[in-house]
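Trainee: Hi! Could you walk me through this one?
Mentor: Happy to. Have a look at it first.

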Amino acid sequence: MKSQPLRRTFPFAVSSAPDRVPLVIAFTFVILAFLMAGSSRDDIVSLLFWRPLTAFLLAISIVVCGRQAWQRGRSLVILAAAILLFVASHLIPLPPEIWTSLPGREILVKTYQAAGMALPWQPLSMAQARTWNALFSLAGPIALLIVALALDRRRHQQLLMLFLVLGFVSGIIGMLQALGPANSPLYLYRLTNPGLSVGLFANRNHQAAMLATMFPLLAAYISLFKGRPDRLFFQRSMTLAGACLLIPLILMTGSRAGLILAVAGIVLAWWVYHKPVSQGRVVGIRAEHRSRLVGVGFAVALLVIVLIVAVTTPALQRLIDTDPASELRVQAFPVILEATKSFFPFGSGVGTFVEAYKIFEPDSFVSVSYFNHAHNDLAEIVMTGGLPAVVLVIWVVVLGAIAFFALMRRRKLRPDDADYSVQIMGRAGFAVLAILALGSLADYPLRVPSLTLYAVVAAAWCSNAYRLIRK
């Protein structure tokens, strides 16, 4: 009997049957996240289902994929564990002698004294319920990180396709929202931006950020294509049409930040893109012409329809008009700096921005609405997390810089390289993280559970590429 050759050991080898389990977990997790966890608020009803689900999947992922995740992405697993311990540390009860000496706790001491109560043991967090919410919110990202690190290269390409589908579905739903009434049932969340395109999210800026990341994903998709020349032309036409379609879809969100992110997405897409090489021959000249006509015709028709729709929506006018909310964010920044100085170096507690900000908010800023976040995630992280949070941010930046320079060393990629697909995916992942990080300077996309999971998968793509470059 002839013996079978041993298959070469490779960290992202061809899929095996056990690999289907983490793939099913990842797909289910991502789809449910985009359907029920597209808001950053901690009082949406869907969290009653989402939070137990994330805890269950975290336990499953550790059992099924924990060992592989540790072997393939040790640095990311350690970072995730450090973030988890950091948030948990803000919930450890401290004796009065300690917590009263922390900066910014004077108001708590006065409150207990005014109520005639003895000073109890108190954690570092100024609002424990908010910090518990922040701790529970980490279950989903950590679970998906473990699962994503256990998947092989072909499965990651399937995840890329899933995010592309979800992105365009969100864009089309957003287009229908912008065309319909402000109280349309297509809006998934009660507190949202009525009359504008928000898609599967509650906030127009988060919709715009998601759509902007589609540019590098499209570039990665067409770069990984393998097929006949006629099919390649058709796929190129569809990819170009999809990229052009994203522009009016982003305009319909009415997000100024979205336009900046779109420019960044287009630039990063150019960096991700590598010319695909067709394989085989065209089966008949008619098939080639038919493919070209269908591709170009569909692309042109789609673009004309969407451009007409975009021009007729009120979102374009919003881009021109003055935005009082944006002006208030600028005016509130000095208040946030004052609060940061008062709580530094330990912070007010992860997730406690609303309560901590209200202590310093001037009376002139008080209105029927309130600041739910700083609209500058870096500023909010420093204010609520203090110096340890700054260290974690620097850690993340260093890991990102290491991955970027490693990707840059592999400038000359060829489709026949063994790690070609992993490097393309790594570049796409870095591009997604860069866009979301840029968006975080004026908003808080990474506080949305669905976008957080998206970023976690992108980080896994970067980790996979870096791992192969080091070999």
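Mentor: Let's begin with the second largest pocket, which has a volume of about 730 Å³. Keep in mind that this is a predicted model.
Trainee: Which residues are the closest to its centre?
Mentor: Those are N203, Y370, N372, H375 and Y444, out of 27 residues that line the second largest pocket. Two elements give two or more residues to that lining: helix 9 (204–212) and helix 15 (324–343).
Trainee: And where does the largest share of the lining come from?
Mentor: From helix 15, with four residues.
Trainee: What does the lining have by class?
Mentor: Eleven nonpolar, twelve polar and four charged residues.
Trainee: New topic. Where is D377?
Mentor: D377 is in helix 17, which covers residues 377–409.
Trainee: Is D377 buried or exposed?
Mentor: D377 counts as buried because its relative accessible area is 7%, and the cut-off for buried is under 20%.
Trainee: What does D377 touch?
Mentor: Leaving out residues up to four places away in sequence, D377 touches S440, D443, Y444 and R447. With R447 there is also a polar contact of 2.6 Å between the side chains.
Trainee: Okay, helix 12 now. How many residues does it have?
Mentor: Helix 12 has 17 residues, 256–272. From first C-alpha to last, helix 12 reaches 25 Å, close to the expected 24 Å.
Trainee: Which residue caps its N-terminal end?
Mentor: S255 does, with a side-chain oxygen 2.9 Å from the backbone nitrogen of G258.
Trainee: Which residues of helix 12 are buried?
Mentor: G258 is one of them, and others include L261, A262, L268 and W271.

Key
Residues numbered from 1 in each chain as written. Predicted model: local features only at pLDDT ≥ 70, side-chain atom pairs only at ≥ 80, totals over all residues. Heavy atoms only, no water. Expected span 1.5 Å × (residues − 1). Buried < 20%, exposed > 50% of the residue type's maximum accessible area, 1.4 Å probe, protein only. Polar contact = N/O pair within 3.5 Å; in protein donor to acceptor, adjacent residues only side chain to side chain. 1 Å grid on protein atoms, 1.4 Å probe; cavity = no way out; pocket = protein on both sides within 12 Å on 5 of 7 lines; lining within 4 Å. Points joined across faces, edges and corners; volume = space filled by probe spheres on them. Nonpolar A, V, L, I, M, F, W, Y, C, P; charged D, E, K, R; others polar. Contact = heavy atoms within 4.5 Å.
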